[in-house]
Number of protein chains: 2
Amino acid sequence: MHVAVDAMGGDHAPREVVLGAYQAASEAGETSVLLVGDSSLLESELRRLGRMPENLEVVHAAQVVDMEDSPTAPLRKKKQSSIRICADLVKAGRAQAMVSAGNTGAVMIAAKMVIGTIEGVDRPALAAEFPNPRGRTVVLDVGANVDTKAGHLREFAVMGHFYAQEVNGIHSPRIGLMSIGEEDSKGTDLTREVFDVLKGTGLNFIGNVEGRDAFSGSVDVIVCDGFVGNVLLKSAEAVADLMKNMLRRELQKSPLRQLGALLARPAFESLARRTDYREYGAAPLLGLQGGCFVAHGRSTAVAIRNSIRRAAGFSEAELHLKIQEKMVRLHSEEQRFLDQAGIQAG
Amino acid sequence: MHVAVDAMGGDHAPREVVLGAYQAASEAGETSVLLVGDSSLLESELRRLGRMPENLEVVHAAQVVDMEDSPTAPLRKKKQSSIRICADLVKAGRAQAMVSAGNTGAVMIAAKMVIGTIEGVDRPALAAEFPNPRGRTVVLDVGANVDTKAGHLREFAVMGHFYAQEVNGIHSPRIGLMSIGEEDSKGTDLTREVFDVLKGTGLNFIGNVEGRDAFSGSVDVIVCDGFVGNVLLKSAEAVADLMKNMLRRELQKSPLRQLGALLARPAFESLARRTDYREYGAAPLLGLQGGCFVAHGRSTAVAIRNSIRRAAGFSEAELHLKIQEKMVRLHSEEQRFLDQAGIQAG
């Protein structure tokens, strides 16, 4: 199992990325890491860390995609960028997955155009998992697509279904459509259209859900437009951070509170861990012919290490192949049904 | 100052609504409460509470709008409903504002059609305030409108500007446009169009913001479509609730943690208060010729009491008249500018 890591992407690149990759390679015997970026820079970072693990290899990339670059940079002006080379490595089969904390738009375009989508998928979707009292809820798309059409949201529902089955081990995942009221008639023109489409899929579609359901445990997969999903993802992170900061300040306001905080410290540490994106690692971009994981721009070494582990785990489970196989089966069954009914597929 | 309260709306109606109204009337000498609903039911609830405050009056309503009713019910089949009668009281000048925890869609339609919008406003917007480390950020719209056009978002920006000035005392509120990246070019076709419109308003428009900015203190007003705002509002509440529940469970896992929690209890209470929608009371529907406050469906007596206080405060400050005056001035200045330039207003 090989994971290509964009060493030049993210707020703390390359130092934290190199450290995270170093840790992942040192720990995981089965996983090899291809660290992609300016080789002289990366080698000097690696020298600081001591003996180079055997399963860590530096791959040179002469260019870097900046945050200001157009998302299409890896396809045009920056074909020698670390993002592009990561995608090339996956395409060539030298790596099974890539991880990047860099320019999200550029990562997604490079993945879609270089690695390519699987049969039956027009738009890859970024999937995020949120904690709830009983487990995890998958929300997709959280930012790969805006201005999506009903057919795309249907693809997201199908990919979310298989993701929840394969990754979260849920036999019949409950699929919800993000809306602003639970009644069937609520929402926009688009959500009403998607509602009818999803009712016809044979998935375990439970109807409209609301923002609160991403954290309640009442649904396993939530389908939404990437604009809405992105606002949800970023605001949820911000609320969690704000609350932790508020609590920290409140706990320092008196010696008694400080003592209480000291005694209860493991509780705070556990809460912090359970609500920290760094622990989850990167978000998978689903629907590709290989693995692509978008890490948080603020990723530290811990986040990168966990992202690499996650990418390796997904690749080992061959999640993208399973999704492809099931998408193809679903499409052929649908086609047979449509043929029998004498209807032309739309 | 008179506030009409829909005693039949919300998960805990009428009991908690009656109690909240009773408390608000008992405390606030200047504010009278008109409690609207089934009079025999309300009078029996009030008898349980003891002596009736002089500034509390029951107004009979023979019908109730259910959660399953169409939002247009107060205009058609349920003209004798408590929601409709609340709006009638504001329209007639017998109350300066109304408060309801009932069917949000019905409240908004009744308010728009019965109370009416102010000059220059086509779509009223529901405004929510979120805490940030330095103060509060106003987000609008959080659910009154879906499928909004650029011109509507411009109205929201102007109303948000005056709200932040009048209510939060900010001289030159920073206005942000909700998007999925901070660069000017990011977002949907709609947000790119609104971006250009807002640049031309003379407001302190700081450009695109992201979900996290609702909680960071980097912006005072965020403008968005009601669908996105509603997802933001409901998910933020859910994250806060989830974190408080997680923390509660973590703190009970050992005797030492329990002792720590006991010592630090005031810190948790303060956090809970600062992140509880009940403390803020209802969200104002801006752009009307009178006050209308949409309370949370799960409102308890505390939330209703705070909502009534808030409604009374806004009405006292004549916020809606101030917004109207400023909207009219803004429009006439714009018209003069357009006339001078020989351009027809769009």
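**Burial and ring packing in a predicted model**

With a relative accessibility of 2%, F293(A) counts as buried.

What is the place of F293(A), and to which part of the chain does its ring pair link it? F293(A) belongs to strand β11 of chain A, residues 291–294. Its partner, F314(A), is in helix α11, residues 301–316 of that chain.

A pair of aromatic rings is described by the distance of the centres and the angle of the planes. For F293(A) and F314(A), the ring centres are 5.1 Å apart and the planes stand at 75 degrees, so this pair is edge-to-face. F314(A) is buried as well, at a relative accessible area of 12%; the cut-off for that term is under 20%. Ring pairs also bring in Y163(A), which forms a cluster with F293(A) and F314(A). Over all chains, the search of the whole structure finds nine aromatic pairs.

Let me now turn to chain A as a whole. Its secondary structure amounts to 12 helices and 11 strands. The radius of gyration of chain A is 21 Å, close to the 20 Å given by the globule rule for 346 residues, so the chain is as compact as a globular protein of that length. Along the principal axes, the C-alpha trace of chain A spans about 65 × 60 × 35 Å.

How much of chain A is buried? Of its 346 residues, 57% are buried. If one takes the contacts in chain A between residues at least 6 apart in sequence, 70% of them join residues at least 24 apart. The accessible surface of chain A is about 14,300 Å², and carbon and sulfur atoms account for 49% of that surface. As for charge, chain A carries 40 positive and 43 negative side chains, with the centres of the two sets 5 Å apart.

A loop residue in chain A also deserves a remark. V65(A) is placed in the loop between β3 (56–60) and α3 (82–91). Is V65(A) buried or exposed? Its relative accessibility is 9%, so V65(A) counts as buried. Beyond its neighbours within four places in sequence, V65(A) is in contact with A73(A), P74(A), K78(A), S81(A), I83(A), N103(A) and A106(A). Between V65(A) and H296(A), which are 231 residues apart along the chain, the C-alpha separation is 16 Å.

I close with chain B, and with its helix α3, residues 82–91. This helix is mostly covered, eight of its 10 residues being buried. The buried residues of α3(B) are S82(B), I83(B), R84(B), I85(B), C86(B), A87(B), L89(B) and V90(B). Against which elements do they pack? In chain B, they pack against the strands β1 (2–6), β2 (32–37), β3 (56–60), β4 (97–100) and β11 (291–294), together with helix α4 (104–115). After α3(B) comes G93(B), which has a positive phi, near 80 degrees.

One further residue of chain B is E45(B), placed in helix α2, residues 39–49. E45(B) counts as buried because its relative accessibility is 9%. Leaving aside neighbours within four places in sequence, E45(B) is in contact with R15(B) and V18(B).

Key:
Residues are numbered from 1 along each chain as its sequence is written. Chains are lettered from A and ligands numbered from 1 in the order in which they are written. Side-chain values use heavy atoms; hydrogens and water are left out. Helices (H or I, at least four residues) and strands (E, at least two) are DSSP runs, numbered from the N terminus. Buried means under 20% relative accessible area, exposed over 50%, partly exposed in between (1.4 Å probe, protein chains only). Contact means heavy atoms within 4.5 Å. The radius of gyration is taken over C-alpha atoms; the globule rule is 2.2 Å times the number of residues to the power 0.38. Accessible areas come from the Shrake-Rupley method with a 1.4 Å probe; for residues, only the protein chains shown count as cover. Lys and Arg count as positive and Asp and Glu as negative; His and the chain ends are not counted. The place of a charge is taken as NZ of Lys, CZ of Arg, CG of Asp or CD of Glu. Rings of Phe, Tyr and Trp (its six-membered ring) pair if their centres lie within 6.5 Å; planes under 30 degrees apart count as stacked, over 60 as edge-to-face and the rest as tilted.
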